[in-house]
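Subject: Structure for your review

Dear colleague,

Please find the structure below, followed by an account of what was found in it. I would be grateful if you would read the two side by side.

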Amino acid sequence: MRAVFHYIAGRQTPGSSPGRGEVFEPATGEVQAHVPLGGGPELAAAVQAALAAQPRWAQTSAQRRTQVLFRFKALLEQQLERLAQLLSSEHGKILADARGDVQRGLEVIDFVCGAPQLLKGEYSQGVGPGIDVWSQRQPLGVVAGITPFNFPAMIPLWMLGPAIAAGNGFILKPSERTPSVAVELAALLEEAGAPTGLLNVVHGDRAMVEAILAEPAIKAVSFVGSSAVAEHVYAAAAATGKRVQAMGGAKNHGLVMPDADLEQAVEGIVGAAFGSAGERCMALPVIVAIGADTAVALRQRLKAAMAGLRVGVPTDPDADYGPLVTAAHRQRVEHYIEMGVAEGAELVVDGRGLSVPGHAGGFFLGPTLFDHVQAGMRSYQEEIFGPVLQMLRVQTLEEAIALVSAHPYGNGVALFTRSGDAARRFVEQVEVGMVGINVPIPVPVAHHGFGGWKRSAFGDLNLYGTDSMRFFTRTRIVTQRWSGAAGSGSAFVMPTSKVD
Ligand code: NAD
């Protein structure tokens, strides 16, 4: 049986904590590896290694740090196929999608190769007689990232790229369900020239997360996962004085106007709802049909498109999506399907009971569609995170905007329309962080930033983009006057810029 190890101070190690977790191959249902579930001792070793490596890294010029990141990016490109295969075997997403997982992470490494520009301070000359003010961005020290199972390469890269570019040491705690790629990333960064111990990977579950939150040497925590855990991480990290950004769950809505290009909308919706088996925080699990005719036409087209979907093993080039990550997660999703039925929603397409020939043990679930879902239903209010699409019917765009805005999550949303006026009103009013207009999955590109609103994100600054450089640095502002500049004697009142 394959064993996954921690990566601490440049070495793979099983650690001393006794716990072990199982890593499945979702396509077969079999356990393919064991992962150590570490805690205090492994974290202490990782922190020590990062504390030893970080000061010299911080003193290395941003241009030189960037040279390492350029090489890291080249190595990721070289190894993309291997990394994609590894993560797809643990997660279950199809290979083409797994390549996208690595690629979208790599794009943030590309972005932070601009670190010398991104970390530049500001300068104001002559704010007083002979006085200049300038600012600099300093790394925080050792920081940590805690990541979910569903993007084993992309989300770690979104965090560690900006943190390391900014001069920090990094402790990565990946999901125990998809742990292997994180170790590969650490080894590749070191191969690219990063000092040993700068990036460490510690495996574990809740106990390791609690150890990270309690560790005073860790100055910031970047978290992505479900909202209940995000909220806890946010509160616990802030209580110990750490900087924290904690991204949570989602329930993204796709609104379809009567004037929408229905063919384009349905193509987009089906890909966004069922791609990666719906296990994406930017998936589109809710459709809001605006107008009765839109609902009828949408339902008919969705049913037809769903009938043509192929669920298969990740290596099947014709598969549209693969299995869910674990049997327990599939059971959870099935529980929500039962709940939807019990709550009175109409189950139009039932994906339960699907089996893929030759893979009877795989965690597959067919595409599922509900119609006549009501806002008060629990199955609508909560995140399902599986291949289940729920349709609600409203009469006007205003009603649809109010529905979306009242939902507890506010990660992503999409409007399908041909009307610029409607799109503009929607963008202005909707209470959601990332908005698509005829774009079903509006994940911003690397030089913008990623973050939801409401229960989808706790904290202020987004992942990647310029926000990430702010998150992983602190600003020092220097006000300076050199001798020789005109003095005005001792001042006993607060200096101001008031014009007399
Ligand atoms: P999860 O919350 O179960 O786990 C996330 C991380 O927290 C893992 O590293 C896990 O080991 C740890 N963890 C789990 N339970 C914990 C607990 N009780 N205390 C402390 N730590 C704990 O999430 P997941 O199932 O791995 O990932 C799916 C979730 O992540 C979904 O809710 C999805 O919407 C969300 N997600 C959000 C974004 C975003 O950017 N907003 C992106 C991807 C995924």
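C113 counts as buried, because its relative accessibility is 9%; buried means under 20% relative accessible area, exposed over 50%, and partly exposed in between, with a 1.4 Å probe and protein chains only. C281 is also buried, at 16% relative accessibility. A search of the whole structure for disulfides finds zero, a disulfide being a pair of cysteine sulfur atoms within 2.5 Å.

Please note that this is a predicted model, in which local features need pLDDT of at least 70, side-chain atom pairs count only at pLDDT 80 or more, and totals for chains, interfaces and linings use all residues. Residues are numbered from 1 along each chain as its sequence is written, and side-chain values use heavy atoms, with hydrogens and water left out.

Cavities

The whole structure holds three cavities of 30 Å³ or more. On a 1 Å grid over the protein atoms alone, a cavity is a set of points where a 1.4 Å probe fits but cannot get out; a pocket is an open set with protein on both sides within 12 Å along at least five of seven lines; and lining residues have an atom within 4 Å of a point. Grid points are joined across faces, edges and corners, and a volume is the space filled by probe spheres set on the points.

The largest cavity contains about 100 Å³ of space. It is lined by 15 residues, and those closest to its centre are G278, R280, A283, P285 and F385. This lining comprises nine nonpolar, three polar and three charged residues. Here Ala, Val, Leu, Ile, Met, Phe, Trp, Tyr, Cys and Pro count as nonpolar, Asp, Glu, Lys and Arg as charged, and the others, Gly among them, as polar.

The second largest cavity has a volume of about 50 Å³. The buried C281 is one of its lining residues, which also include W158, M247, N411 and F450. Seven residues of this lining are nonpolar, three are polar and none is charged.

The largest pocket

The volume of the largest pocket is about 690 Å³. Of its 28 lining residues, P148, R177, G225, S226 and V229 lie nearest its centre. Two or more lining residues come from each of α8 (206-214), β11 (218-224), α9 (227-239) and α12 (327-342). Helices (H or I, at least four residues) and strands (E, at least two) are DSSP runs, numbered from the N terminus. By class, eleven residues of the pocket lining are nonpolar, nine polar and eight charged.

Strands

β6, β7 and β23 form an open sheet of three strands, in the order β6-β7-β23 and with antiparallel pairing; two strands pair if DSSP finds at least two bridges between them. β6 (123-128) and β23 (473-481) are the edge strands, each with a single partner, so one side of each has no neighbour in the sheet. β6 is joined to β7 (residues 131-139) by three bridges, and S124 has V133 in β7 as its bridge partner.

Strand β16 (residues 368-371) has T368 and F370 pointing one way and L369 and D371 the other, and all are buried. Three bridges join β16 to β15 (residues 346-349), antiparallel, with V349 opposite L369. Three bridges also join β16 to β17 (residues 388-394), here parallel, with F370 opposite Q390.

Yours sincerely
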